[in-house]
Amino acid sequence: MIRFQLKSVYTFLIFLCFLGCKEEAGQETTAVEKEVVILPPEELYGDLFYDIQQNENLFGDSKTFVDAVPEKNIDSIRAEYQKIKTEGDSAILGFLKDNFQIPGEETSKEYQTDSSDIGTHIKKLWLVLKRPADEELSGTLIPLPNPYIIPGGRFREIYYWDSYFTMLGLQVDGEVETIQNMVDNFSFLINEFGFIPNGNRTYYLSRSQPPFYALMLDVLAEEKGDSIYAEYLPELEKEYQFWMKGAQNLSENDSVVNRVVRMPDGSILNRYYDDNNTPRPESYREDIKTAEEAVATNEDLTEEEVYRNLRAAAESGWDFSSRWIKPDASGNFNLSAIHTTDILPVDLNSLLYHLEKTIAKAYLISENPDNAREFKERSEDRANAIEKYFWNASKGFYRDYDFTTGEHTSVVSVAGVYPLFFEISSEEKAKKVAGIIESQLLMEGGVVSTPNHSGQQWDAPNGWAPLQWMAYKGLQNYGISALANTIKERWTSLNEKVYKNTYKMTEKYNVEDLSKESGGGEYPTQDGFGWSNGVYKKLTSE
């Protein structure tokens, strides 16, 4: 039996209000501080976790069991399991149903037959996708103090970078209180754990996602004023410290640590990473299979390295994509050749440039000009490094950079528009980027993530809402409006077409063949869907 141990256990404090008869009697409620120990599912459930996650006959989706909610004391569940574990799959499944709330896709059942116009439908969906503040730790779900929006489908918790794009639509619909609650939830996570996890699940506590927190504050500041930046400065700093952990100790001989890489010229850039090198609990079987295939074809590779690279790709949000995979001699991209941690991503470093600029702005508002100057200089240094290491002059595009080989990767992706979104690029380079987008990435339904047909969901033929927005806005920043509007019109028309046929908004779309659904990846296309709703609303309001 294969077992992997998580390297850290988290504890945090939650405040519970005990209401009961006091509320009925009109008395004030009392806030009680309670220490909660957070365990990942492999430590929470022990043998039960490993047996269920390695059994292909029980659940088709590895995420199902780790999201299940125990209905009894965990120790008694584990003890009872030992008595029936040899009785076969039918008995085990019955045991699970008796002892857990097994999650389904209830969200889609609530709205999929709603035939309202698309704008009204999305406005209704905010209520369907909203979850109340959590009262207590429930299985693997980390409780949040305020209501929040989930993406939908199998994604029953918040996701970090999804939430920014969801907020764009909430802003259009005037849901400012919901935006405030979501920002405060992410601030809570930063203060409790020192960073924003991938999502509010215990199995996500070793990695983050693309750092969009500063952009969330941009949305909130548009509604409430620039004092927001000063108010959330401590959280901005903690977010930055997480991504830069270990940077102060880098040297020429020790140039890589965690998410930070020191380049030969002394520049500091970042990569995606994960603090653990074990199979992801929510994709356990899949990761073990990938690692076995990888080490079978490369004797110099260890399974732990494969797991780390899979997890790092999950932190990128692009899980999975040819961006992170070494092509074979025939130009094919097999997931077993994943090497995410060798790659400096252009999107991540552009986001961190914006984070540094935002911290500088927050310090200036807080009347701390010295610190403001320091972070302004850091942002300028990073902008220079982005131009030096990510701009590929011969291809006329921004590409990811493999720091182990000292070369750009071969993959053209929409991530190359991030320097335009954050206005790092020159006018001349922006025009060249636009040319590549139009010739290689623009399809009938919007922009495709990459032109590669790898079978991974962040490759052709799929288009994703967040990338449409980044491309649209990035091009608009440089006055390349015709192409920007073409992307907008093709994407929103595709959304409307699919909605007319299905009354659904989906996670991703096939932008190459508008008669077909999207596909690829570890799970079926999900409907809901937070960021598609948000980007559609934002684009149609522009």
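**Helix 9 and helix 11 lie roughly parallel to each other.** This is a predicted model, in which local features need pLDDT of at least 70 and side-chain atom pairs count only at pLDDT 80 or more, while totals for chains, interfaces and linings use all residues. Residues are numbered from 1 along each chain as its sequence is written, and side-chain values use heavy atoms, with hydrogens and water left out. Helix 9 covers residues 160-172 and helix 11 covers residues 213-224; their axes come within 9 Å and cross at roughly 15°. (Axes are lines fitted to C-alpha atoms, for helices over the stretch in contact, and angles run from 0 to 180 degrees between N-to-C directions; under 35 degrees is roughly parallel, over 145 roughly antiparallel, 65 to 115 roughly perpendicular, and the rest oblique.) Helices here are DSSP runs (H or I) of at least four residues, strands are runs (E) of at least two, and both are numbered from the N terminus. The crossing of helix 9 and helix 11 is left-handed, meaning that the near helix is turned anticlockwise from the far one by less than a right angle; clockwise would be right-handed.

**Who touches whom between helix 9 and helix 11?** On the helix 9 side, look for Y160, S163, Y164, M167, L168 and Q171; facing them from helix 11 are Y213, L215, M216, V219, E222 and E223. Contact here means heavy atoms within 4.5 Å. Sorted by class, the contact has eight nonpolar, two polar and two charged residues. (Nonpolar stands for Ala, Val, Leu, Ile, Met, Phe, Trp, Tyr, Cys and Pro, charged for Asp, Glu, Lys and Arg, and polar for the others, Gly among them.)

**Helix 9 is largely enclosed by the rest of the structure, as twelve of its 13 residues are buried.** Buried means under 20% relative accessible area, exposed means over 50%, and partly exposed is in between (1.4 Å probe, protein chains only). Among the buried residues of helix 9 are W161, D162, F165 and G169. Past the helix comes G174, with a positive phi near 75°.

**Y164 is one of the residues with the most contacts inside the largest nonpolar core.** Setting aside neighbours within four places in sequence, Y164 touches F212, L215, M216, V219, F421 and W469. In soluble globular proteins, nonpolar side chains tend to be buried together.

**Helix 5 and helix 6 pack at an angle of about 160°.** Helix 5 spans residues 74-84, helix 6 spans residues 89-99, and their axes are 10 Å apart. That angle makes helix 5 roughly antiparallel to helix 6. The crossing of helix 5 and helix 6 is right-handed. I77, E80, Y81 and I84 of helix 5 meet A91, I92, F95 and N99 of helix 6. In this contact, six residues are nonpolar, one is polar and one is charged.

**Two peptide bonds to look for here are cis: D319 to F320 and A460 to P461.** For the bond from D319 to F320, omega is near 5°; F320 lies in the loop between helix 15 (303-316) and strand 10 (325-327). Between A460 and P461, omega is about 10°, and P461 belongs to the loop between strand 18 (446-447) and strand 19 (462-464).

E423 is exposed, with a relative accessible area of 51%. At 32% relative accessibility, Y503 counts as partly exposed.

Definitions and conventions: Core = buried A, V, L, I, M, F, W, Y, C linked by side-chain atoms within 4.5 Å.
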